[in-house]
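Morning, everyone. Let me put the model up, and then we go through disulfides, strands and a few backbone details.

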Amino acid sequence: MAGKQFPCPMAHARPASVSSRRLLAAASALLLLSAAYFLLRSPSSARPPAAILASPSPTTSFLASLERFLAAAPHPSASAPAPGDLDAAILAQEEARLHGDPAWPAPAAGPLRVYVYEMPSKFTYDLLRLFRDSYRETDNLTSNGSPVHRLIEQHSIDYWLWADLIAPESQRLLKSVVRVKRQEEADVFYVPFFTTISYFLLEKQECKALYREALKWVTDQPAWQRSEGRDHVIPVHHPWSFKSVRRFVKKAIWLLPDMDSTGNWYKPGQVYLEKDVILPYVPNVDLCDSKCVSETQSKRSILLFFRGRLKRNAGGKIRSKLVEELKSAQDIVIEEGSAGALGKAAAQHGMRKSLFCLSPAGDTPSSARLFDAIVSGCIPVIISDELELPFEGILDYREIALFVSSNDAVQPGWLVKYLRRIDGKRIREMQYNLVKFSRHFLYSSPAQPLGPEDLTWRMIAGKLLNIKLHIRRSQRVVRESRSICTCECRVGNTTRML
């Protein structure tokens with residue numbers, strides 16, 4: 001048909017009538033509207049700008065997340081102050097929820113409602129900036145040679161929880177917890193004070209003074225005075241942090257790395273599972289995902305691996321006994337090491353070449369090495385008779401770890417024989433489970449469903465009924481007539497082989 005000429009029909013037409021011109025104009029307008037409609041419906045124009053669609057990709061790097069967080073600081077909020085009669089306002093809210101929600105106050109009754117205190121910046125942003133600004137310029141070590149800033153990262157659960165809670169709701173992924181702006185709507189109150197950073201980066205007296213100021217600020221709040229802190233969540237994840245004022249906040253919900261029952265770190269009556277929550281350390285090594293575990297499976301030639309401090313205090317004395325027992329065993333690697341950059345590389349390399357990773361007690365019953373092993377696909381062998389584990393009301397650690405009593409572990413030849421008897425099928429099953437479980441121990445921004453931030457709030461939600469019970473009871477008990485129950489009714493935790 002190319003090249004064929006068609007006469008223009010309008011060339012010899014008579015002038016159009018008014019009605020014809022109107023009809024033509026209407027048809028043209030309809031064509032324009034149709035074209036505009038289809039353009040708007042096309043894929044290129046239907047999408048919002050990329051910046052609106054793209055949600056921030058999750059990062060597990062504390063430094064990278066912190067840089068992004070501080071670049072957006074301060075984060076705006078419209079939190080309301082406490083009403084004049086907070087107790088009456090809370091009772092009115094609870095009565096409305098009781099009659100309006102058939103499941104309330106069961107743990108499954110909607111998300112946990114958290115009121116986040118807006119503390120002065122010297123307790124929050126200033127401490128985060130201090131960490132960031134001093135991270136590159138210091139080689140500070142603790143008395144046992146551990147890098148100070150790495151220890152802070154290891155215990156940075158206070159940052160990850162706070163950063164998620166105060167993020168814009170459009171950027172949050174967790175459904176188990178919601179931030180409320182009115183105190184009477186809250187189930188619990190979060191205290192965003194960075195106790196670990198202040199302990200390690202401030203001078204001793206300056207730190208103690210800041211602790212006292214934070215204590216006064218929190219205990220002056222009407223919500224604290226109403227409940228004596230029972231519904232307040234305080235991150236105390238390093239066993240030395242907040243130590244000088246702990247006795248004044250012992251009724252609050254503490255976020256802890258473990259629960260030392262020997263009294264070396266926590267005084268009797270300060271911590272117990274009925275009120276507190278165990279949180280995992282931040283891993284020091286990179287994640288070995290399903291592809292990594294599959295690729296390294298045939299290369300795991302080491303039976304049992306350990307790299308860390310070989311001499312510890314208290315329950316950690318088991319380490320020197322294990323070294324003596326295992327030092328000459330075949331296919332076993334026991335190394336002295338620290339948490340610095342070189343130590344991280346060596347630990348990561350060793351764990352990815354090993355079937356089992358030794359996780360003995362440290363100065364406290366827990367050790368960060370447990371979580372390094374989990375994310376490395378290395379089956380933890382836990383030798384810590386007083387250990388309490390994170391989220392154990394939700395997770396069954398028997399699927400991913402072996403538990404050995406200290407008495408058995410130091411018997412000549414016992415541990416090596418025990419590990420060699422474990423068949424390949426069980427090892428592969430546990431490695432597969434490690435891949436599935438890793439997500440529960442990776443803090444990230446934004447916080448991920450079933451990550452440690454999510455499980456923290458689920459654990460606290462499970463305590464809500466007991467919290468409310470003790471608040472109500474404390475408000476009506478005559479103190480002179482009988483003592484108020486503190487629920488210190490837990491049994492000792494001793495690990496034995498079955």
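A disulfide here is a pair of cysteine sulfur atoms within 2.5 Å. Searching the whole structure with that criterion gives 2 disulfides.

Some ground rules. This is a predicted model, so local features need pLDDT of at least 70 and side-chain atom pairs count only at pLDDT 80 or more, while totals for chains, interfaces and linings use all residues. Residues are numbered from 1 along each chain as its sequence is written, and side-chain values use heavy atoms, with hydrogens and water left out.

Take the disulfide of Cys 288 and Cys 292. The sulfur atoms sit 1.9 Å apart. The torsion about the S-S bond is about -95°, so this disulfide is left-handed. Is Cys 288 buried or exposed? Cys 288 is buried, at a relative accessible area of 2%. Buried means under 20% relative accessible area, exposed means over 50%, and partly exposed is in between, with a 1.4 Å probe and protein chains only. Cys 292 is buried too, at 11%.

Now Cys 357 and Cys 378. Their S to S distance is 2.1 Å. This link is right-handed, with 105° about the S-S bond. The pair links distant parts of the chain, 21 residues apart: Cys 357 is in strand E9, Cys 378 in the loop between H15 and E10. Both cysteines are buried. With the bonded cysteines numbered in sequence order, the pairing reads 1-2, 3-4.

A word on labels. Helices (H or I, at least four residues) and strands (E, at least two) are DSSP runs, numbered from the N terminus.

That brings us to E9, residues 354–360. How many of its residues are buried? The count is 7 of 7. Strands pair if DSSP finds at least two bridges between them. E7 (residues 302–308) runs parallel to E9, joined by 3 bridges. Ile 302 has Ser 354 of E9 as its bridge partner. E9 and E10 (residues 379–383) are also parallel, with 5 bridges. There, Phe 356 partners Ile 379.

Backbone next. The peptide bond from Ser 445 to Pro 446 is cis, omega near 0°. Pro 446 is in the loop between H18 (424–437) and H19 (452–462). Leu 450 lies in the loop between H18 and H19. Its phi is positive, near 70°, and Leu 450 is partly exposed at 28% relative accessibility. Glu 228, between helix H11 (222–227) and strand E4 (232–235), has a positive phi near 55°. Glu 228 is partly exposed, at 24%.
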